[in-house]
Amino acid sequence: MQQQLDELKSSVLTAISNAASLPALDEVRVGVMGKNGKLTAMMKGLGALSPDERKAMGQLLNVVKEEIATAIETKKADLETAALNAKLATETVDVTLPVRPETHSGRIHPVSQAMEEMLTIFAQMGFELADGPDIEDDWHNFEALNIPQSHPSRQMQATFFMDKTVDKVLRTQTSGVQIRTMEKHKLPIKIVAPGRVYRCDYDATHTPMFHQIEGLVIDKKTNLANLKTVLTEFMKLFFETDDVTLRFRPSYFPFTEPSYEADVGGVLARAIGKEWLELLGCGMVHPNVLRNCGIDPDEYQGFAFGCGVDRFAMMKYGIPDLRSFFDADMRWIKHYGFMAGDMPNILTGLSLTNGSKR
Ligand code: DAH
């Protein structure tokens with residue numbers, strides 16, 4: 001039996017080292033140690049031996065079994081590494097190849113595209129980027145913006161409140177970033193703050209989450225004429241036409257005085273049979289707001305504006321229903337989406353790659 005065992009061991013070790021694949025190796029393992037394997041059979045045969053022989057032979061069998069198991073494990077690791085390397089070798093990607101639009105199905109969402117275009121223009125005008133949290137406290141979303149508790153203007157925006165005990169809301173506007181910036185930024189200030197905002201509202205032109213860009217300029221002499229110039233230039237660049245006129249309609253926001261709503265006229269309005277389209281809110285920052293941030297309103301002044309990015313995207317790309325933005329419909333995104341990698345810039349045009357124009 002000893003000799004039989006030696007022969008088995010050497011033939012199995014040879015078979016293991018010759019195994020060319022994982023299935024082949026497994027076949028060897030089953031042939032030796034499986035239910036009907038040769039080694040298993042010898043183990044079963046121990047019962048027929050005398051107690052002394054059984055003990056001696058049992059020990060030998062166990063040693064050989066260990067050796068074979070180790071050899072199998074080692075070979076298995078080698079084969080796995082080789083298989084992985086072979087796979088990696090065939091799966092290389094040539095990153096220098098150009099993107100092929102027809103096989104490239106991912107799209108940039110029109111809101112992301114509009115956001116990029118808008119920020120590109122403001123960056124070129126010298127605005128810095130600022131941001132704040134989506135979950136905002138009462139001070140930044142309301143109080144410091146001259147909207148005290150119980151003031152009727154709190155009702156202007158249907159707020160999503162968090163648990164009343166934590167003094168937090170989902171921000172209803174990006175205007176809170178004005179406060180955050182004035183609290184810590186050194187003067188003068190010239191920022192834009194993009195972000196998500198939330199209101200309890202839902203119809204063709206309102207969704208519970210939408211996007212705004214807030215603008216704020218504070219220095220010693222910035223005035224309404226500057227606001228008008230910035231916004232007019234911005235509109236021309238964003239809508240890529242000189243045929244835009246802006247009208248400033250007196251309005252009310254608690255954090256600006258005077259306050260305006262800017263309407264756009266020209267080609268955009270005419271395209272849908274109107275004379276004017278409501279565009280955004282703006283005004284000169286209210287002295288109370290400056291004071292709330294520790295800025296002396298006798299020394300500093302400035303303007304602010306806040307616009308809905310989704311609305312700008314609807315106007316520029318001709319998308320009729322706001323709700324469709326958030327339906328995650330592949331046909332919609334294929335039609336209205338933009339190609340990745342085509343980043344908007346002032347030099348080559350902002351929207352030449354609009355998916356719907358391809
Ligand atoms: N926060 C206002 C809104 O969400 C928009 C707005 C109006 C922002 C006037 C401003 C502003 O900065 O000056 O309706």
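Predicted model: local features only at pLDDT ≥ 70, side-chain atom pairs only at ≥ 80, totals over all residues.
**Entry 1: the shell around the ligand**

I began with the elements around the ligand: β5, β8 and β9 each give at least two residues to its shell. I took helices (H or I, at least four residues) and strands (E, at least two) as DSSP runs, numbered from the N terminus. Residues are numbered from 1 along each chain as its sequence is written, and side-chain values use heavy atoms, with hydrogens and water left out.

I found 16 residues around the ligand, with Gln-173, Ser-175, Arg-199, Gln-212 and Glu-214 coming nearest; a residue counts if one of its heavy atoms lies within 4 Å. The shell splits into 5 nonpolar, 9 polar and 2 charged residues. Here Ala, Val, Leu, Ile, Met, Phe, Trp, Tyr, Cys and Pro are nonpolar, Asp, Glu, Lys and Arg are charged, and the others, Gly among them, are polar.

**Entry 2: polar contacts**

Next I looked up pairs of N or O atoms within 3.5 Å. The side chain of Arg-199 has an N or O atom 2.7 Å from an oxygen atom of the ligand. For the side chain of Gln-212, I noted 2.9 Å to a ligand oxygen. Phe-305 takes part through its backbone, with an N or O atom 3.4 Å from an oxygen atom of the ligand. On its own the ligand has 350 Å² of accessible area, and the protein covers 92% of that (Shrake-Rupley method, 1.4 Å probe).

**Entry 3: the largest pocket**

Where does the ligand sit? I found it in the largest pocket, by the test that more than half of its atoms lie within 2 Å of the grid points. A pocket here is an open set of points on a 1 Å grid over the protein atoms alone, where a 1.4 Å probe fits, with protein on both sides within 12 Å along at least five of seven lines; lining residues have an atom within 4 Å of a point.

This pocket holds about 1300 Å³ of space, a volume being the space filled by probe spheres set on points joined across faces, edges and corners. Its lining has 46 residues, and Glu-278, Leu-279, Leu-280, Gly-308 and Arg-311 are closest to the centre. I counted 22 nonpolar, 16 polar and 8 charged residues in that lining. The largest share, 6 residues, comes from β8. Elements that supply at least two residues include β7 (256-266) and α11 (309-317).

Most residues other than glycine have a negative phi, and most peptide bonds are trans. I logged a cis peptide bond between Leu-187 and Pro-188, omega about -5°, with Pro-188 in the loop between α7 and β4. Another cis bond runs from Glu-257 to Pro-258, omega near -5°, and Pro-258 lies in strand β7. Asp-167, not a glycine, has a positive phi of about 55°; I placed Asp-167 in the loop between α6 and β3.

How values were computed: Polar contact = N/O pair within 3.5 Å; in protein donor to acceptor, adjacent residues only side chain to side chain.
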